[in-house]
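Please read the following note beside the sequence and the 3D view. It is arranged as numbered points for a reader new to protein structure.

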Amino acid sequence: MKPLARHAALNDYVDLAHSVGLDPARMVRDAGLDPAGLSLQDRWVPASAIAGLLENSAAASGREDFGIALAELRRFSNLGPLSLVVREEPDVRSAVKMLVHYEHMYNEALKTRISENAGITTLRVGLDVGVPGDFPQSIDLAVGVLYQLLLGFLGRTWRPVSVSFTRPAPRDPAPYRRMFRTDVFFGERFDGISLYSKDLDAPNVMSDPLLRPYTQKFLEGIDARRDVTTASRVRDLIELLLPTGRCSAEQVARSLGVDRRTVHRKLAAEGHTFSSVLESTRADLASHMVGNTRHSLTEVSELLGFSSPANFSRWFRNQFGHSPSRWRAAAGGLGPPEPAASSFGPAPESGIG
């Protein structure tokens, strides 16, 4: 299966396309995507389609810095529910590690690696969209977004040591220097950002005192928005928390800035329970992850919060009527076998509190 990415990777694309004289709906259709689907931020689409769209947009607009311009529009809040989890990390190092740990939940084509040597930390961004070709706009966007997030953690006065790109130098490198406010090198061995390791030990300024008022308003505003529900926000947080082993109603409530009873009350008003949302979310993730060979089945069991592969295998068989290995084998052929009916009851021996 080719790597997938969520529509959230195209946040602010429509506005930027309009600003540079493009017809965003036509560009999106030409890339094989549905323009109406852009509003569905959590929909998975081929990462290669998104990468192709960015390359085509840069070429049609004559803007070699299209990916950088898109990154400039991103804000910390664009992370959605991930921002609610990251803000609990006490320092920049742990916040960055959490972002790297969860990047596959948003874009399977991205792979960020962290290395430290002689007081310098390098964040290297890799991209594999599953098709041959160079996609510098996607790399520019990924590095630019990473830089914006570091600014959020460290404050607007922070500067990296340098920024590197493997792509050839653009005709006009000024937008890159303006964006990153440091030395920017092209034709290098890697794509990414270098910074002082001591910067990673700085406190995370996006921690509780700053974000708690936002998280409280975040949940309160759900009732006023037809396209966002308590269940959808809880589901997003469950996806993020399952691999940590800390997925519980208490932890979700804490991330939302409210108490557990408030979460239960709002879910009940929508006809859900925390357990039902947990199990349906886990089942959806399981069918996707097991069908994709990116992770071993042992890794899948860990990402879904199970205490052992055996517990995961029993749960999967109860949910889908087949073992994970059989499901994966079928997915590599004609497609996954027909899942068995499920009541989405409590997961046996899952290790989830």
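This is a predicted model: local features need pLDDT of at least 70, side-chain atom pairs count only at pLDDT 80 or more; totals for chains, interfaces and linings use all residues.

1. Residues are numbered from 1 along each chain as its sequence is written, and side-chain values use heavy atoms, with hydrogens and water left out.

2. Helices (H or I, at least four residues) and strands (E, at least two) are DSSP runs numbered from the N terminus. Two strands are taken to pair if DSSP finds at least two bridges between them. An open sheet of 5 strands has mixed pairing and the order E3-E4-E7-E5-E6. Strand E3 (110-117) and strand E6 (183-185) stand at the edges with a single partner strand each, so one side of each has no neighbour in the sheet. On average, neighbouring strands of this sheet are turned by 15° against each other, direction ignored.

3. Strands of a sheet pair through backbone hydrogen bonds, either parallel or antiparallel. Strand E4 (residues 120-127) and strand E7 (residues 192-196) run antiparallel and are joined by 5 bridges. In E7, glycine 192 is the bridge partner of arginine 124, and leucine 195 is that of threonine 121. E5 also runs antiparallel to E7, with 3 bridges between them; here valine 163 stands opposite isoleucine 193.

4. Which elements does helix H7 lie across? Helix H7 (residues 136-154) lies across E3, E4, strand E5 (162-164) and E7, and runs at about 145° to E4. Axes are lines fitted to C-alpha atoms, for helices over the stretch in contact (heavy atoms within 4.5 Å); angles run from 0 to 180 degrees between N-to-C directions.

5. A residue is called buried under 20% relative accessible area, exposed over 50%, and partly exposed in between (1.4 Å probe, protein chains only). E7 is mostly covered, with 4 of its 5 residues buried. A nonpolar core is a set of buried Ala, Val, Leu, Ile, Met, Phe, Trp, Tyr and Cys residues joined through side-chain atoms within 4.5 Å. The largest such core has 63 residues, of which Tyr13, Phe165 and Phe180 touch the most other members. H7 gives the most to this core, with 11 residues. Apart from it lies another core of 29 residues, including Ala231 and Trp327.

6. Which residues of helix H13 (residues 260-269) are buried? They are Thr262, Val263, Lys266 and Leu267. Seen down the axis of H13, these buried residues fall within an arc of 130° and so line one face of the helix; the arc is that of the directions from the helix axis to the C-beta atoms. The face turned away from the buried side carries the exposed residues Arg261, Arg265 and Ala269. Just after H13, glycine 271 takes a positive phi of about 85°.

7. Is serine 301 buried or exposed? Serine 301, in helix H15 (residues 297-303), is buried, with a relative accessible area of 1%. Not counting residues up to four places away in sequence, serine 301 touches Phe306, Ser308, Pro309 and Phe312.

8. Arginine 63 has its place in the loop between helix H3 (47-61) and helix H4 (66-72). Arginine 63 is partly exposed, with a relative accessible area of 31%. The C-alpha atoms of arginine 63 and aspartate 172 are separated by 9.7 Å, although these residues are 109 residues apart along the chain.
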